[in-house]
Amino acid sequence: MPTNVNRQPGGLPAGLRAMNVLNPVSAGHGARWSQDLSFLLGYNVHRIGAHAYATGFASSAGGTRDISMLYSRSPGAQVVVVAVEVPYGAIAGLAQPTTVSLPSATLLPPSTGLDGSPSPLAPTAPAAAAVHTAPIVGYLDVSAVPVGTIQQLTFTYERSGVGAFKSIFAAEMPLDQIEPFGLPTTEVGVAEPTTRDRIVDGSASDGYGMVRVVSSLDSARKDMRFHANMVCRPQDDLYALIRTGSTAVGNFSITENLGTYVWLGELRFRVRRLFTTATPNQYTWGVVYKTSNAGVGGKVRLTVTPVGGIATAYDISLAGTTSWTYASMSVPLPCSGTDQVVGITHSGAINNAAEKLYLATSALIENEA
Amino acid sequence: MTSSRVGMRYNDGSGTPSQYVKHPPAASSFWANGDALDAGTAQDVDQNISHLTAENFRPLVEQPGPGLLADHTNPSNLWGGLADLTGPPGGVTPDALLAVPWSTSRPNCFRWGPFYAIVDNDSPAGWLTFRKVQFDVEVNTAGSELKVYVAMTTTPNPPSESYIDGTFQTMQSPFGGGPQRLSTKMEPTPPAVAYAGTPRTCRPPTAGLNRSLSLAEFWIWMAYVNGSAGSNTMQSISAFEVP
């Protein structure tokens, strides 16, 4: 029988002092564990990325323009909601084909495009005088996407020579129900015991019992991964982040419609504190990059600073390649900063000052063992 | 955690941070040996679940830029050309919420979403509401002052139509303020049950299980008014849930 997924923690009264040493443990605690684990695994799934741009990206010689996020599926997620917004402008009234792709995932019917249209989507650009452009939403079936494998979720704009994407967004969808009893290998959570049931031992193949509670607890700790897609830029020689003119590690330059600037910014978010304050949270840092010369590599640097603390730098050495390429390394994020907040800055280097390093995507995805 | 929904943890109220307690892996015979569950082990499991719940605050927005800021020294740059919208009459100081057109057609307005809400934050009035969101921008104001407006809404429609009480905030960088971080906390106050849910698809067809659910959602908005021509920049935007 399906179990409804809790939308908040704490479905039943809880208290450690109710579990007295030498006294039997009430099965009511098992019901509360089941409900809170259904919240953690089925409802508290994660946002993948959210970027809004000052304007769409102006004309390009290319026929399509791709922007990628990095994504590692949570075990409970069955659907990823994606949303894009296209800007107004000279393209008013024209169809603007748009697709979203992820290996092993498909757009769900009735929406084979992002607004219910057949794929590739052809939303009509808003009038130039429009005040608001509506986001276009679609749903990706990710049930066949491997859990815990980092993949590229790519938004593709197919029209050449006109602006693309005012914003992109992706998030895992919470579940309404789970069925761990009948479908223990594909569903998350624990079949809820009634208050008159004993909590049984169970086994690895059961959707109930203590073994399932503990495996679900471990999964909630290490498989529910925070995603911080920090850089999501077009895979395009003009609009990706660029490092050039020096072989030293330094700041990237960014071009948007309002001009080119040197990116000095620090991005911030709150890190989970799982163990002691001195124990960092483990992340994978992934980038999508290319170089202007296949024979010239470089490096990209992530500088991690807990708020109020000391900075640490991490470098990925990049081989020269003229194709957009994924590279990664492990990075610990400290939870010792004020309010557990960490600051992240990016910099890079190219091994020949006459060449260029392009960075289109940079993401931190939690990777606890 | 400012939620009464989170269970107890070992160090609650002690001043010492709580933490996850390591336990034997699920595959260990410790868990399936036929013995009655002892209270100490049950307490470990219980407080670990509570700890994971208490720590699960999500990152929402982290992105570069937008770099050089649009020039609003002439109000027509802010309001001109937008259907059905006009700026405040000359000489009138606008209400902060109406100081910008909140038009995503403009480079000074940004909207992120749809985020689904987790409604487990205790409001001062005693009901559960949306989680608090910290909003940070890094700016460099070499020229005139810069005002940044942020808000959360429950629909894609702009804050000037409706926003979640407690979330509309104004940040201001003074003239020639140089590099600085502007930070504010959006603290929703209304009961989230007051907002109609949005139906969303949550799984492919699966026998016997609901394919959709109705979610309380929110959108994050930011807009700025830049009183300088060509010199002020914004280097980064971050938003994340906080206790």
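## Salt bridges

A salt bridge here is a side-chain nitrogen of Lys or Arg within 4 Å of a carboxyl oxygen of Asp or Glu. B:Arg131 and B:Asp120 form one, with their closest N and O atoms 3.0 Å apart. This pair links distant parts of the chain, eleven residues apart. B:Arg131 sits in the loop between strand S4 (128-129) and strand S5 (132-141) of chain B. B:Asp120 sits in the loop between S2 and strand S3 (121-122) of chain B. Both partners are under cover: B:Arg131 is buried at a relative accessible area of 4%, and B:Asp120 is buried at 1%. Other salt bridges share partners, and these join A:Glu266, A:Arg268, B:Asp136, B:Glu138 and B:Arg181 into one network. The model is predicted. Over all chains, the count comes to 28 salt bridges.

Which chains does the pair A:Arg270 and B:Glu55 join? Their side chains meet in a salt bridge at 3.6 Å, N to O. A:Arg270 lies in strand S15 (residues 267-270) of chain A and B:Glu55 in helix H1 of chain B, so the bridge joins two chains, A and B. A:Arg270 is buried, with a relative accessible area of 8%. B:Glu55 is buried too, at 3%.

A further bridge stays within one helix. The side chains of A:Arg221 and A:Asp218 meet at 3.2 Å, N to O. Both residues lie in helix H2 of chain A, three residues apart, about one turn of the helix. A:Arg221 has a relative accessible area of 9% and is buried. A:Asp218 counts as buried at 17%, because the cut-off is under 20%.

## Chain A overall

Chain A has two helices and 21 strands. Of its 369 residues, 61% count as buried. Take the contacts in chain A between residues at least 6 apart in sequence: 78% of them join residues at least 24 apart. The accessible surface of chain A comes to about 12,500 Å². Carbon and sulfur atoms hold 53% of that surface.

One nonpolar surface patch covers about 260 Å². A:Phe181, A:Val200 and A:Tyr208 make it. A:Phe181 belongs to the loop between strand S10 (177-178) and helix H2 (210-222) of chain A.

## The two H1 helices

Helix H1 of chain A spans residues 27-43. At 1.5 Å a residue, its 17 residues should span 24 Å; the end C-alpha atoms are 23 Å apart, so the two values agree.

Helix H1 of chain B covers residues 39-55 and has 17 residues. From first C-alpha to last, H1(B) reaches 24 Å, close to the 24 Å expected. H1(B) is mostly covered, with 15 of its 17 residues buried. B:Asp38 caps the N-terminal end of H1(B). Its side-chain oxygen lies 3.1 Å from the backbone nitrogen of B:Gly40.

## Two buried residues of chain A

A:Thr321 is in the loop between strand S18 (312-318) and strand S19 (325-333). A:Thr321 counts as buried at 15% relative accessibility. Its side chain reaches the backbone nitrogen of A:Ser323 at 3.1 Å. The A:Thr321 side chain also makes a polar contact with the side chain of A:Thr325, at 3.4 Å. A:Gly295 is 26 residues away along the chain, yet its C-alpha is 7.2 Å from that of A:Thr321.

A:Ser347 lies in strand S20 (residues 341-350). At 9% relative accessibility, A:Ser347 is buried. Among the residues that A:Ser347 touches are A:Val249, A:Phe252, A:Val300 and A:Arg301.

## Backbone exceptions

Most residues other than glycine have a negative phi, and most peptide bonds are trans. A:Ser104 has a positive phi, near 70 degrees. A:Ser104 lies in the loop between strand S5 (98-101) and strand S6 (106-107) of chain A. A:Ser104 is partly exposed, at 48%. A:Asp339 also has a positive phi, about 60 degrees. A:Asp339 is in the loop between S19 and S20 of chain A, and counts as exposed at 58% relative accessibility.

Chain B holds cis peptide bonds. One joins B:Gly65 and B:Pro66, with omega about 10 degrees. B:Pro66 lies in strand S1 (residues 59-68). Another runs from B:Gly113 to B:Pro114, with omega near 5 degrees. B:Pro114 lies in strand S2 (residues 109-116).

Terms used. Residues are numbered from 1 along each chain as its sequence is written. Chains are lettered from A and ligands numbered from 1 in the order in which they are written. This is a predicted model: local features need pLDDT of at least 70, side-chain atom pairs count only at pLDDT 80 or more; totals for chains, interfaces and linings use all residues. Side-chain values use heavy atoms; hydrogens and water are left out. Helices (H or I, at least four residues) and strands (E, at least two) are DSSP runs, numbered from the N terminus. The expected span of a helix is 1.5 Å times one less than its number of residues. Buried means under 20% relative accessible area, exposed over 50%, partly exposed in between (1.4 Å probe, protein chains only). A polar contact is a pair of N or O atoms within 3.5 Å; within protein, one must be able to donate a hydrogen and the other to accept it, and residues adjacent in sequence count only if both atoms are side-chain atoms. Patches are made of residues with over 30% relative accessible area and no salt bridge: like charges are joined within 9 Å, nonpolar side chains (Val, Leu, Ile, Met, Phe, Trp, Tyr) within 5 Å. Accessible areas come from the Shrake-Rupley method with a 1.4 Å probe; for residues, only the protein chains shown count as cover. Contact means heavy atoms within 4.5 Å. Lists of a residue's contacts leave out its neighbours within four places in sequence.
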